[in-house]
Amino acid sequence: MHDKNQNRDFHHALTVHNDLCIGCTHCMTVCPTQAIRVRNGKAIITANRCVDCGECYKACPVSAIVVEQDDLEMIFKFPVRVILIPSVLIGQFPKKIMTSSIYNALKEIGFTHIYEVENTVDMVLEAGRQYMHEQKERPMISSYCPAIVRLIQVKYPSLIGNIMKVNPPIDMSAMYYREKLKMSGIPEDQIGLFYATPCAAKIAAVKSPVGEIESAVTGVININFLYNRILKFLQRKYTESKPPETDDLLSSRGILWSLTRGEVIHSNGRALAIDGIKNVNEFLENIENEKLDQIDFLELRACDESCAGGILISGNRFLTVERLKNRAEEYKAREDDKNRKLTDGFLNINEHGFLGDIGPRPMAKLDEDFSAALKKLERQRRIMCFLPGFDCGGCGAPDCQTLSEDIVQGNGQISQCIFMQHQMIKQNVLSQSQAVRITDKIWGEGRLEKNCNKLGAEDENN
Amino acid sequence: MQVRHKISGGDFARAGNVASAVKKILRQLNIEHSVSKRIVIALYEGEVNVVAHAYSGVIEVDIDEEKIETKITDKGPGILDIEQAMEEGFSTATPQVREMGFGAGMGLANMKKNSDSMKISSIPGEGTIVELVTYLKPHA
Ligand SMILES: Nc1ncnc2c1ncn2[C@@H]1O[C@H](COP(=O)(O)OP(=O)(O)O)[C@@H](O)[C@H]1O
Ligand code: SF4
Ligand code: SF4
Ligand SMILES: [Mg+2]
């Protein structure tokens, strides 16, 4: 019951392309959950530790980590093809490009209906207020960023009860537009609802939602892919056809929502906004429980500058933030900004507003059984007495402590450490050829041969 | 199993490091949140007391299948009147310490609240020993 989510396989949108991976450890060292190991010279992502934050993707020097997406052709299976675009899509384009041109380009690409994801933020706000009122747990942690929800599941399971179980705007909007189109007489199976995603985390959330039965989103299209397509359309002359179906509900609140402080500005109590998964990790790791209790709301986002810094955003994140802030100011100056929200009743907070159970998936736990865990912990700490503490990655694990955990879990051996090999050879308990074999198994045969193609070497550009 | 940490008096920037380190260990052991939270709160308060009131100290945490015992031994001024020190709100913290957000006089009381047993012994002019026990399962 307590661990019901634990053994379920989690969908991840990031995969390592083995032909491209050069086994360089960049991804391994930046992963906030120590999910990556190198074996046979290739990075391997451990599924039950990965939180889809995309740090590895950003760090890879050879673009060997790829983000899956649904094939654009898939949209043509549906007569009604809705694209839900987050405000950070528009924010990437210079101001002189009109939103209507972008909409038209999206229509040329094949979508019939274009809506902004953040059209439903007022519903999210209302559901959030209701939730804060009913649940006394503090601080409440926003469920907006799926990478953060997953980080809490695997690394801070004791904070699961603090997650505000409110559906984020993408889910609210998907449900809303699906419902609305259905009510207008379109059969459900003719509606394809696609989401232009800024990140891998949102893809994973759509493909294997936590706390929700099934997503109302049919498929995901990566923003960088759409961005390039839109640019292409904007560059060539095309005859303007009938504009796509849309509505005009976006408010300044919606424009700012996915940026840092986009949620916090609506909070009445003491609230903090923290962006960047390193910062979030450091905060959650070091804050005392007592001090945490005194905060009412935490907006935590995995990316630096929040979704403007999503891994699929091609534009400069700081410029994207600036443009969106300017856009929000323009909207705020409009008289109807406050009233720009859904009023037609297709979305019901009690029915659509809340997430179901979110289960823990603790990665730190050494064993289900306490005495076994205690024994493993003792052994792990003893092993740490021998490992040098360089965190060099030479063993194929991100740091010495992780190697020691792998060892007690039966997933590694102390002789993986190249410095331990040195010691063991000195003490005559390991032969040179054994050491060579172990290291070749981690880095792959030939990985350590001369190679001038790397950054900073003689032929770095080849 | 025993974990041992040294603490130096006056080093407020590091106050809480021992509590954080122990928190990580409790996570590895998959100890229930309600239990680990109590242990960490009590430990944190004890740690802060050494930093705020003593010169140096050692924290030893002993873990077995039944319970977690924490022993905080310090070299310092000691506590003259333990009963009075236990009172909520009683504090001898200097204004400077208070300025840093410590010294509300709730530490010892919180430690008692968050442990199953607490023993204090002190020799004025020499130091203080605080011993805490928290059982992993509800204990009669
Ligand atoms: N380790 C210690 N060494 C000396 N005095 C201490 C120690 N711990 C507590 N005290 C005394 O007990 C008082 C109350 O402690 P506590 O309840 O933690 O409140 P606070 O630390 O906020 O003053 C302290 O002000 C101090 O005078
Ligand atoms: S997406 Fe994040 S958590 Fe997953 S492997 Fe990459 S860096 Fe680690
Ligand atoms: S901050 Fe935004 S873009 Fe980044 S992982 Fe979270 S939801 Fe995705
Ligand atoms: Mg105190």
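**Salt bridges**

I counted a salt bridge where a side-chain nitrogen of Lys or Arg lies within 4 Å of a carboxyl oxygen of Asp or Glu. One that I looked up joins the side chains of Lys165(A) and Asp357(A), at 3.4 Å from N to O. Lys165(A) sits in the loop between helix 6 (146-155) and helix 7 (169-183) of chain A, and Asp357(A) in the loop between helix 14 (349-352) and helix 15 (370-386) of chain A, so the pair ties together parts that are 192 residues apart in sequence. Helices (H or I, at least four residues) and strands (E, at least two) are DSSP runs, numbered from the N terminus.

**Basis of the entries**

I note that this is a predicted model, in which local features need pLDDT of at least 70 and side-chain atom pairs count only at pLDDT 80 or more, while totals for chains, interfaces and linings use all residues. Residues are numbered from 1 along each chain as its sequence is written, chains are lettered from A and ligands numbered from 1 in the order in which they are written, and side-chain values use heavy atoms, with hydrogens and water left out.

**Contact of chain B with chain A**

I looked up the contact (heavy atoms within 4.5 Å); 28 residues of chain A and 23 residues of chain B take part. The area buried between the two chains is about 2200 Å², with 54% given by carbon and sulfur atoms. Buried area is the accessible area (1.4 Å probe) that two parts lose on being put together, summed over both. On the side of chain B, Met1(B), Arg27(B) and Gln28(B) lose the most area to chain A, together 32% of what that side buries.

I found one salt bridge between chain B and chain A. The side chains of Arg27(B) and Glu285(A) meet in a salt bridge, at 3.0 Å from N to O. Helix 1 of chain B gives seven residues, the largest share of the side that touches chain A.

**Ligand 1**

I listed 17 residues around ligand 1, the closest being His53(B), Asp74(B), Ser91(B), Thr92(B) and Gly105(B); a residue is near if one of its heavy atoms lies within 4 Å. An oxygen atom of ligand 1 lies 2.5 Å from a side-chain N or O atom of Thr92(B). For His53(B), a polar side-chain atom lies 2.8 Å from an oxygen atom of the ligand. The backbone contributes at Gly107(B), where an N or O atom is 3.2 Å from an oxygen atom of ligand 1.

**Ligand 2**

I listed 13 residues around ligand 2, of which Cys31(A), Cys50(A), Val51(A), Cys53(A) and Cys56(A) come nearest.

**Backbone of chain A**

I checked the backbone for exceptions, as most residues other than glycine have a negative phi, and most peptide bonds are trans. The peptide bond from Arg138(A) to Pro139(A) is cis, with omega near -5°. Pro139(A) is in the loop between helix 5 (121-134) and strand 7 (140-141) of chain A. Arg261(A), a residue other than glycine, has a positive phi near 80°.

Methods
A polar contact is a pair of N or O atoms within 3.5 Å; within protein, one must be able to donate a hydrogen and the other to accept it, and residues adjacent in sequence count only if both atoms are side-chain atoms.
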